[in-house]
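Biologist: I'd like to learn how to read a protein model one feature at a time. Could you walk me through it?

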Amino acid sequence: MTNGSVPCHIAVIMDGNGRWAKKRFLPRKAGHSAGSEVFRRIACYCRDIGVQYLTVYAFSTENWKRPQDEIDEIFSLLDKYLDEVQATMLNDNVAVRFLGNLSHFPSGMQRKIDNVHKLSDGYPSGVCQVNICVNYGGRDEIVRAAESILKNPPEILDENSFAQRLDTKGIPCPDLLIRPGGDFRISNFLLWQIAYTEFYFTKILWPDFSEKELAKAIAEYNKRKRRFGGV
């Protein structure tokens, strides 16, 4: 369990799957498979402790540079998850959204994503919402928002009207961003949204990440004083 207040919105860069597998002399796809199971556990834990939004970085716009067999494995896991979540999300009491440029995905996968979104639309407010970022990049998201504004300008262009064109429309900005894996960078994730987010970095690789480590991150978050530019 956690002590102190629970962040409304937690974002996670799920890093270290490949290195986890390499340390065990396993193919990289084994790391992604292990990481997907950890994601399921952490999502349920976030729901149980009262986190309202969990946003995870699953596949970036830059990840297309990876070997094709690794990309195929990631999409195979995603397709499997789409089947599972449609069957279980009502019982799990978790709404699921996919963020990113989804137009590049196969039509069958797009239909499954649409079905998951329709199921999520039926949930009441206050239910834990899990956002999965796929084919997502912060810069790409901002460019797509700008293109949307050029095609259909708002009456007043300000931060609020611009945010309404982002993939995260209607979702509060993250309170806490967690990056496992030992790297100290953002990797093009939620660039607009993390202006005042608290960061937590750990060397633990994502497949070894646990509920205990998340509680530790939240405890560290509670030590921070968030001033948002004030005193």
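Biologist: Where is the place of Leu26?

Modeller: Leu26 sits in the loop between α1 and α2. Helices (H or I, at least four residues) and strands (E, at least two) are DSSP runs, numbered from the N terminus. Before we go on, this is a predicted model, in which local features need pLDDT of at least 70 and side-chain atom pairs count only at pLDDT 80 or more, while totals for chains, interfaces and linings use all residues. Residues are numbered from 1 along each chain as its sequence is written, and side-chain values use heavy atoms, with hydrogens and water left out.

Biologist: Is Leu26 buried, exposed or partly exposed?

Modeller: Buried means under 20% relative accessible area, exposed over 50%, and partly exposed in between (1.4 Å probe, protein chains only). Leu26 has 39% relative accessibility, so it counts as partly exposed. Contact means heavy atoms within 4.5 Å. Not counting residues up to four places away in sequence, Leu26 touches Trp20 and Ala21.

Biologist: What can phi tell me about Phe25?

Modeller: Start with the general idea: most residues other than glycine have a negative phi. Phe25 has a positive phi, near 55 degrees, and is a residue other than glycine. Phe25 also lies in the loop between α1 and α2. With a relative accessible area of 79%, Phe25 is exposed.

Biologist: And what is the phi of Asn135?

Modeller: Asn135 is not a glycine, yet its phi is positive, at about 45 degrees. Asn135 belongs to strand β4. Asn135 counts as buried because its relative accessibility is 3%.

Biologist: How do I read the sheet, and what is the order of its strands?

Modeller: Two strands pair if DSSP finds at least two bridges between them. Here six strands form an open sheet with parallel pairing, in the order β3-β4-β2-β1-β5-β6. At the edges are β3 (94-99) and β6 (198-201), each pairing on one side only. From one strand to the next, the twist averages 20 degrees.

Biologist: How many bridges join β3 to β4?

Modeller: β3 and β4 run parallel and are joined by six bridges. You can look for Ala95, whose bridge partner in β4 is Gln129, and for Arg97, which stands opposite Asn131 in β4. β2 and β4 pair in the parallel sense too, over seven bridges. There, Phe59 has Val134 of β4 as its bridge partner.

Biologist: Why is β4 described as largely enclosed by the rest of the structure?

Modeller: Nine of the nine residues of β4 are buried, so the rest of the structure largely encloses this strand. For β3, five of the six residues are buried, so β3 is largely enclosed as well.

Biologist: Which helices should I look at next?

Modeller: Then find Ser120 in helix α4 (residues 107-121). Ser120 is at 5% relative accessibility, so it counts as buried. Leaving out residues up to four places away in sequence, Ser120 touches Met89, Ala95, Val96 and Arg97.

Biologist: What do the buried residues of α7 pack against?

Modeller: They pack against β1 (9-13), α2, β5 (176-179) and β6. Among the buried residues of helix α7 (residues 211-221) are Leu214, Ile218 and Tyr221.

Biologist: How is a pocket defined, and which residues lie nearest the centre of the largest pocket?

Modeller: On a 1 Å grid over the protein atoms alone, a pocket is an open set of points where a 1.4 Å probe fits, with protein on both sides within 12 Å along at least five of seven lines; lining residues have an atom within 4 Å of a point. The largest pocket is lined by 32 residues, and Met14, Asn17, His32, Tyr57 and Ala58 lie nearest its centre. α2 gives the largest share of that lining, six residues.

Conventions. Axes are lines fitted to C-alpha atoms, for helices over the stretch in contact, and angles run from 0 to 180 degrees between N-to-C directions.
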